[in-house]
Amino acid sequence: MSDNLEIIRTYSKTLSDSDLALAWRILYEENERRGKQSAAKLKYSLKKGDIVEWNGRAGVTTGTVHRVKRKKVICLAHDRKGKPDFAARWDIPLTMLRLVKES
């Protein structure tokens with residue numbers, strides 16, 4: 001674990017409730033800002049056929065981009081052999097996706 005995370009862990013045990021709530025809000029807003037920035041970048045760079053991954057209920061899942069919309073992407077989840085499963089289409093927010101390989 002990095003030194004920064006150790007500092008955060010220490011603060012989480014020593015801050016008052018109101019300060020902890022404010023610190024949580026600051027971290028949450030920064031995470032949201034970075035997610036939106038990443039999504040904006042992906043929106044214009046993703047195209048049909050790109051390989052992406054996301055965290056879902058079954059853990060990390062990979063898939064192929066089928067269509068890019070304004071805020072979401074329709075992906076075809078890969079089966080166990082790594083081939084797109086046309087029956088398993090997922091509508092995933094851009095903020096949840098990571099580009100693995102361009103087509």
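1. The model is a predicted one, and in it the protein chain has 2 helices and 5 strands. Read from the N terminus, these elements follow the order α-α-β-β-β-β-β. The radius of gyration of the protein chain is 18 Å, well over the 13 Å that the globule rule gives for 103 residues, so the chain is more spread out than a compact globule.

2. On overall dimensions, the C-alpha trace of the protein chain spans about 50 × 30 × 20 Å along its principal axes. Of the 103 residues, 19% count as buried, and the accessible surface comes to about 8,200 Å², with 54% of that surface belonging to carbon and sulfur atoms. Among the contacts with a separation of 6 or more, 35% are accounted for by residues 24 or more positions apart.

3. Which residues make up the largest nonpolar core? This core has 12 residues, namely A39, L42, L46, V52, W54, V65, V73, C75, A77, I92, L94 and L97. At least two residues of the core are supplied by each of α2, β1 (51–56) and β3 (72–78), and the largest share, 3 residues, comes from β3.

4. Turning to the helical part, S16 lies in the loop between α1 (3–14) and α2, and with a relative accessibility of 35% S16 counts as partly exposed. S16 and I92 are 76 residues apart along the chain, and their C-alpha atoms are separated by 37 Å; I92 is one of the residues of the largest nonpolar core.

5. S18 belongs to helix α2, which covers residues 17–45. Is S18 buried or exposed? S18 counts as exposed because its relative accessibility is 51%, and the cut-off for that class is over 50%. The C-alpha atoms of S18 and R57, which are 39 residues apart along the chain, are separated by 33 Å.

6. Among the strands, T64 deserves a paragraph of its own. T64 is found in strand β2 (residues 59–68), and T64 is buried because its relative accessible area is 12%, where buried means under 20%. Not counting residues up to four places away in sequence, T64 touches G49, D50, I51, I74, C75, L76, H78 and P84, and of these C75 is also listed in the largest nonpolar core.

7. K72 is placed in strand β3, the element that gives the largest share of the core, yet K72 itself counts as partly exposed, at 36% relative accessibility. Once neighbours within four places in sequence are left aside, K72 is in contact with D91, I92, P93 and L94, and both I92 and L94 are core residues.

8. V100 is in strand β5 (residues 98–101), and V100 is partly exposed, with a relative accessible area of 46%. Which residues does V100 contact, leaving aside its neighbours within four places in sequence? These contacts are with I51, V52 and E53, and V52 is one of the residues of the largest nonpolar core. V100 and T62, which are 38 residues apart in sequence, are 8.5 Å apart in space, C-alpha to C-alpha.

Notes: Residues numbered from 1 in each chain as written. Predicted model: local features only at pLDDT ≥ 70, side-chain atom pairs only at ≥ 80, totals over all residues. Heavy atoms only, no water. Helix = DSSP H or I, 4+ residues; strand = E, 2+ residues; numbered from the N terminus. Rg over C-alpha atoms; globule rule 2.2 N^0.38 Å. Buried < 20%, exposed > 50% of the residue type's maximum accessible area, 1.4 Å probe, protein only. Contact = heavy atoms within 4.5 Å. Areas by Shrake-Rupley, 256 points an atom, 1.4 Å probe, with all protein chains shown as cover. Core = buried A, V, L, I, M, F, W, Y, C linked by side-chain atoms within 4.5 Å.
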